[in-house]
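Please read these notes with the structure open beside you. They are numbered so that each point can be checked in turn.

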Amino acid sequence: MIASLEESREVRRSRGEPAAVVARLEEVSKSYGAIKALDRLSLEIRAGELLALLGPNGAGKTTVVKLLLGLARPASGRVRVFDSDPQRPASRVRVGAMLQVARVPETLRVREHLDLFSSYYPKPLAAEEILALAGLTAVKDRLFGELSGGERQRVLFALALCGDPDLLFLDEPTVGLDVEARRALWGEIRKLIARGKTVLLTTHYMEEADALADRVAVINKGSVAREGTPAEIKARTAGRRIRCITRLELETVLGIPGVIAVRRDREAYEISVSQAEPVLRELLRADTGLWGVEVTGAGLEEAFLALTQQENGKEE
Amino acid sequence: MATATSTLPAALETRLAYNFKLWLKEAKYEYLKNLRLRTYSVSVVVFPVMFYILFGLILGRHGDGPIRAATYLMATYATFGIMGASLFGTAAGLAAERGLGWFEVKRSSPMPPAAYFAAKIIMSVIFSAQVVLLLMLLGVTLGGVKLSLVCAVKLLAILLAGSLPFCAMGLALGYFVGPNSAPAAINLIYLPMSFCSGLWVPLMFLPRIMRQLGEILPPYHLSQLALGVVGAGNAEPGLKHWEVLIGFTLICLGIARIGYQRDEGKTYG
């Protein structure tokens, strides 16, 4: 089963055929009181891909996940998961979710949490397999309250795997983790992709989307600003980053045409721009004493900033 | 029995087995979770036992009335005990779990919500049984309470059935108190309610106004049923007490249902 899924994924990729859509949102709007969380958002998740939903806090990422899990209903538009209403148990048994949760019961052991969640599904994965996949074998007999931050996130990740789901939702899986723990969890997520699972991951770490995703949907103010492979997103915006040391005020730099964002980094400025040359010319004219110039290609971060800034109309 | 099972369609049989296992595990882990949670497992047992030892066994040993204090207070502190086990067993966990995102994690799985609530009630009833048995043991061994086996079983059965209204009350509370303020809020209702119902000090020793207040409170009615078993109840018929308790249960379940739907509305709105 796993082998054949992986194979089909490879075959499909080599042929460049689009995979079947397993979940979709069509023109979905959703408000929480006066706050418009989603505004006619459309999104498709295709079999076997890892789609990263990238956006700042409050962009509507978690709302998308909740709609797809049937934990919320859209005000208008349609949500379909495996061609069914996501609130129906038939869809829920094929889905796993890792949600942001403030407190998990601390007096159950890791294996007990997994045993309970496995009982909710008709065909759960074996406990040893879940523990191995989530890298929890060594701590399976610990109480949840005794775990480190990284281990706690892994337990939530493991809960999402219990039912051997075809489709996984990971809502900000590495938020609050240190670099080491984050990279370790990325390793576990890659194992899932290798098993042919479809994954929707939300994140506000550009690096995370770049490292894991087949496809990225940049979401801002409740709708999709841009969609494509990480490489496409970067190429389309062709953003660059200038680092330099100057006596110019931050506001002055921000006022130069073509500057998208400026960040102070110790003694230097990190300036995100769409094109480096015109901005450099302007910078050197304004401050002849400017030094320590470095120009680097855009990371997904610049691409993302450029996209959302355009959307928010702050560029001009 | 065997023929009945064999006539069941295989699919239904598997489904029943799956559901039975699921509900059983939900209850088992709810129990384990709370057993290891000292703030629950220790305090719900220690307080009624401590009060009973203090007021029923130590201070009450000189009483020479028709009903000995050790007997009377065994019934009322058992009522007090099952109230605590039920209220804290349902309300505290529910308020924290729905307020801090855990219930949502469970809701995103195929878990039937009814199994979740049933587990809390089953867990509370088991703790109630532990408290009642412990108090009876203390009363019989140290307090000289004369309790036949039939009476003991009857008392336990009445108190466990009578714990259900307080489980319902706990579910209702769980929907209307905050995750962190829940224990304080529960105590604020539980302790005055117990006192006014005559669970700590018999109602006859309280001022008239408090007696009248006590007689409309559900714990008073349950304690009267319990006292009836040990021969210390008032003359009122038992049916009236059950009616009050059933009515109270229905009201609480109604409030809990409003809370549940309000929560689902927030998420399903």
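1. F117(B) counts as buried because its relative accessibility is 15%, and the cut-off for buried is under 20%. The model is a predicted one, so these values describe a prediction.

2. Y116(B) is also buried, like F117(B). The two residues form an edge-to-face aromatic pair, with 5.2 Å from centre to centre and 80 degrees between the planes.

3. F117(B) has another ring partner, Y260(B): the centres are 5.8 Å apart and the planes stand at 85 degrees, so this pair is edge-to-face. Planes over 60 degrees apart are given that label. F117(B) belongs to helix α7 (residues 113–142) of chain B and Y260(B) to helix α12 (residues 238–268) of chain B, so the pair ties together parts that lie 143 residues apart in sequence.

4. Over all chains, the structure holds 20 aromatic pairs. In chain B, ring pairs join F47(B), F51(B), F55(B), Y77(B), F80(B), F88(B), Y190(B), F195(B) and W200(B) into a cluster.

5. Turn now to the two chains together. Chain A contributes 33 residues in contact with 27 residues of chain B. About 2800 Å² is buried between the chains, with 61% of it on carbon and sulfur atoms.

6. Three salt bridges are counted between chain A and chain B. One salt bridge joins the side chains of E112(A) and R36(B), at 2.8 Å from N to O. On the side of chain A that touches chain B, the largest share comes from α4(A), with five residues. By class, that side has 20 nonpolar, five polar and eight charged residues.

Conventions. Residues are numbered from 1 along each chain as its sequence is written. Chains are lettered from A and ligands numbered from 1 in the order in which they are written. This is a predicted model: local features need pLDDT of at least 70, side-chain atom pairs count only at pLDDT 80 or more; totals for chains, interfaces and linings use all residues. Side-chain values use heavy atoms; hydrogens and water are left out. Contact means heavy atoms within 4.5 Å. Buried area is the accessible area (1.4 Å probe) that two parts lose on being put together, summed over both. A salt bridge is a side-chain nitrogen of Lys or Arg within 4 Å of a carboxyl oxygen of Asp or Glu. Helices (H or I, at least four residues) and strands (E, at least two) are DSSP runs, numbered from the N terminus. Ala, Val, Leu, Ile, Met, Phe, Trp, Tyr, Cys and Pro count as nonpolar, Asp, Glu, Lys and Arg as charged, and the others, Gly among them, as polar. Rings of Phe, Tyr and Trp (its six-membered ring) pair if their centres lie within 6.5 Å; planes under 30 degrees apart count as stacked, over 60 as edge-to-face and the rest as tilted. Buried means under 20% relative accessible area, exposed over 50%, partly exposed in between (1.4 Å probe, protein chains only).
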